[in-house]
Amino acid sequence: DGDQLELTVLWQGKPVEGAQVMVSVAKGKDEELKTDAKGIVRTKLAAGLYAVRARHTEAGKEGTLGDKKYGEVRHYSTLTFELPGVK
């Protein structure tokens, strides 16, 4: 979107509000973002290798694995791509 990179986080086909999105660009700074009500985050474009990780947390999904209890379930998705040059 112009000079902005726009990413959308979906869970079961629906936008996720408040998902954590980590965006890293090689030789750049890491950025931690949160999705808006439409599941969207935006960041300024830069040339380089991108690594993106989105995390959606389902609170209140308690359970036990072996002898360890947990109070939430976390879902992760990753994406990597290279953007050669930005005008």
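Let me begin with overall dimensions: the protein has a radius of gyration, taken over C-alpha atoms, of 15 Å, whereas a compact globule of 87 residues would come near 12 Å, the globule rule being 2.2 Å times the number of residues to the power 0.38. Please keep in mind that this is a predicted model, in which local features need pLDDT of at least 70 and side-chain atom pairs count only at pLDDT 80 or more, while totals for chains, interfaces and linings use all residues. Residues are numbered from 1 along each chain as its sequence is written, and side-chain values use heavy atoms, with hydrogens and water left out.

Along the principal axes, the C-alpha atoms fill a box of roughly 55 × 25 × 20 Å. The protein has eight strands and zero helices, where strands (E, at least two residues) and helices (H or I, at least four) are DSSP runs numbered from the N terminus.

Of the 87 residues, 25% count as buried, that is, under 20% relative accessible area with a 1.4 Å probe and protein chains only.

Now, which residues touch the most other members of the largest nonpolar core? Among them are Leu-7, Val-9 and Tyr-50, in a core of 13 residues, and strands E1 (4-8), E4 (20-25) and E7 (48-65) are the elements that each give two or more residues to this core. Such a core is a set of buried Ala, Val, Leu, Ile, Met, Phe, Trp, Tyr and Cys residues joined through side-chain atoms within 4.5 Å.

Leaving aside residues up to four places away in sequence, Leu-7 touches Val-23, Gly-39, Ile-40, Val-41, Val-52 and Leu-79, contact meaning heavy atoms within 4.5 Å.

Notes. Buried < 20%, exposed > 50% of the residue type's maximum accessible area, 1.4 Å probe, protein only.
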